Amino acid sequence: MRYGNASSIHHFGQAAKRALETARRQIAESIGCGPREIVFNSGGTESDNLAIFGVARLHPGCHIVTSAIEHPAVLNACARLETEGFPVTYVRPDGEGIVSPSQIQAALRPDTALVSVMHANNETGVIQPIAEIAAAAHEAAALFHTDAVQTAGRLPLKVNDLGADLLSIGGHKFGAPKGVGALYVRKDVSISPLFYGGHHERDRRAGTENVPGAMALGKAASLANDWSGLAALRDRLERGILQRVPCSSVNGAVDSRLPNTSNIRFRGVEGEAMTIALDLRGYAVSSGSACSSGAVEPSHVLLAMGLSPEDARSSVRFSLGPSNTRDEVEGLIEAVVQSVEHLRRISPDFDSAENERTPAHV
Amino acid sequence: MSDSLIAVAMSGGVDSSTAAALLKRQGHNIAGLTMQLWNQRRLPQLSTEETTGRCCSLDDVYDARHVAEHLGVPYYVVNLERQFEDTVVRPFVEEYLAGRTPIPCTLCNTFIKFDRFLALADSVGAAAVATGHYARVSRNEKTGRWEMRTAVDFSKDQTYFLWGLTQPQLARTLFPLGEMTKAQVRELAAEFDLPVAKKAESYEICFVPNGDYAAFMDAYLAEQGDSRPVTRGAIVDTEGHELGRHEGAHRYTVGQRRGLGVAAPEPLYVIATDPRSQTVTVGRNDALLRSTMTVRDINWVSWEGLTAPGRASVRIRNRHVPAPATLSPLADGRVEVRFDEPQRAVTPGQGAVFYSSDLVAGGGWIE
């Protein structure tokens, strides 16, 4: 029955349509919105693009406010709009990686049509004061979009609590396969589509629906995952590393953070080398962002927080998932300790004697 | 054979892919690494349709990754763009502008492949590095010194670019293809069923599209906001008579015949370029012949040094047949080379490599 096209009239199509609408209700319920407010698409990047171009196309030349620590899906969409004559303001975060509502407010102009600030940053895990930022945007009659790819499906989240008019969801971040996502569009908000074809998704996203993907997304959302419990494991990892590795410190605010993320700076260590060394031992961590070839470039998020390029390059991101165990974390701590010791021993730039006089503080 | 990890520098070409496959077959524990050295999207004015075979093109990274996957070995791309620009590209441009003709491949081998890459290999826990270069390295058990020899396939020999390797570097470097001919390597690549077995070879300098140095330098200097004041001058004969004008001395290299734009009854060649006065001197072929030259910044490879005049064959550019000569040490570590027969187009800035039969004694830069 699932081989039907959900837009077809015949009963094969109707069965597919039922599955699609069940999925839509599941995802809507999980974020506290109506099913009509969900637009299925291919994932977080398309959601961000649909939100940004979708609003911008209806407000030619409008001003857009975003932050300097957004995902490239937002930053590069905005950069593209700049080339088309849309002015964009990129608000920098503070040293803790937090985007301040008052700075967003200060950036607003009478012609600001859209404010886009992510819910939680993917590199530092820092959760942004979204409700206040949304309130500031609304006061200036601008729409508010949030990229919630890091939080949706992982933490309890309601669109009304956040004050979001548009909210991006990526499926593979919480158990659905890669290649499916959704954009929440509040019912009285109009957006222009990214591409043209049939009348799917209420004319907001043309193209035959990815029914199996949507079903998986709905199912994953209905499981009401709550990763908050991972914080204990993450804290164990972080404390274990900070206690045993001199001159290491956490990047970003520690008390307003995703429960599964830790971004740690190891003075005198190349994050790229450490990433490879740990991968060869079976641990997948990351450093900076991958460019098209797969090589690592220093993190734009850490640079925006005021870290020097050298400090940004010596930072490594650890992300845990629900399947990780305490034993794995203990093994990772040991691997990190050994890897940092080895890297510092052979590094011409790291003088351990000098650094012992300035013990690290978290 | 051994569990200690070997980091193989993989470019996506046949040679490095086959080197990796050979080491894997010998039972070594290997990881493939591709060095991202230059962003080909920089200097878009130089972009050409053909990007394969140019260093760090996405196609080459794709090929290297495909080969690693085929061999079932870990694979990573490492970013050495900053180091490459600092130690290879900028010195290359400066040397050219100073009227010399540099070889970036030697700089890259000395400062990137056998320095930064070796350090990176060390960082990730690899005991040694391997590349697809055609050269041989072995330890002289009597003296304890690491020695380098020309490749068995002399037509593919790459020792001209490898004279900068130090003893500690040689001790940790493997050249699995040094004993093989190119034909054998092709056969092996086919036997290993490598996805790149039939890939064409690239000869040009990796970051300079179509071998157009002048266009590269113009684009690079423009990107850097560097406007050198004097870019025009005179083309003169050996007596100093002006024969024409040119658009910048850096566009000419000693020995060049084409593109002079000067009419003459007999073929004329560039004899010398002087960046200060922006003078390009041209003359007959025999004016290019030199019997002596001085070589600086010597790195002794298989020889420990030179304390008294000695005999060697000297290569003054890639593919040049090493010419017999007498080497005399100068007080400051430089070496004076006196060729038995005068050599054509001795070019300042190029490398000079000293050979004693197949042994690479050492090398340096021609003054």
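This report describes a predicted model, taking its confidence, the domains and a helix of chain A, and a group of strands in chain B in turn.

Residues are numbered from 1 along each chain as its sequence is written, while chains are lettered from A and ligands numbered from 1 in the order in which they are written. Because the model is predicted, local features need pLDDT of at least 70 and side-chain atom pairs count only at pLDDT 80 or more, whereas totals for chains, interfaces and linings use all residues.

The predictor assigns the complex an ipTM of 0.80 and a pTM of 0.85. In chain B the average pLDDT (the predictor's confidence in each residue, from 0 to 100) is 89, and 95% of the residues score at least 70. Confidence in chain B is lowest in helix H7 (residues 213-223), with a mean of 85, and highest in strand E6 (residues 146-150), at 98; helices (H or I, at least four residues) and strands (E, at least two) are DSSP runs, numbered from the N terminus.

Chain A is divided into domain 1 (11-222) and domain 2 (227-356), with bounds that come from an automatic or database domain assignment. The C-alpha centres of these two domains of chain A lie 29 Å apart. Their contact (C-beta atoms, placed from the backbone, within 7 Å) takes 18 residues from domain 1 of chain A and 16 residues from domain 2 of chain A.

Helix H8 of chain A (residues 211-222) has end C-alpha atoms 16 Å apart, which agrees with the 16 Å that its twelve residues should span at 1.5 Å a residue, the expected span being 1.5 Å times one less than the number of residues. Among the buried residues of H8(A) are Val211(A), Leu217(A) and Ala221(A), where buried means that 20 or more other C-beta atoms lie within 10 Å of the residue's own, exposed that 12 or fewer do, and partly exposed in between, with C-beta atoms placed from the backbone. The cover over the buried residues of H8(A) includes helix H1 (11-31), strand E1 (38-41) and strand E7 (181-185) of chain A. After H8(A) comes Ala224(A), with a positive phi near 50 degrees.

In chain B, strand E17 (residues 359-366) is mostly covered, with seven of its eight residues buried.

| Strand | Bridges to E17(B) |
|---|---|
| E12(B), residues 289-300 | four bridges |
| E16(B), residues 351-356 | six bridges |

Val295(B) stands opposite Ile366(B) in E17(B), and Val353(B) stands opposite Gly363(B) in E17(B). E16(B) and E17(B) form a hairpin with two residues between them, and Ser357(B) in the turn has a positive phi of about 50 degrees.

Notes
Two strands pair if DSSP finds at least two bridges between them. Two residues are in contact if their C-beta atoms, placed from the backbone, lie within 7 Å.
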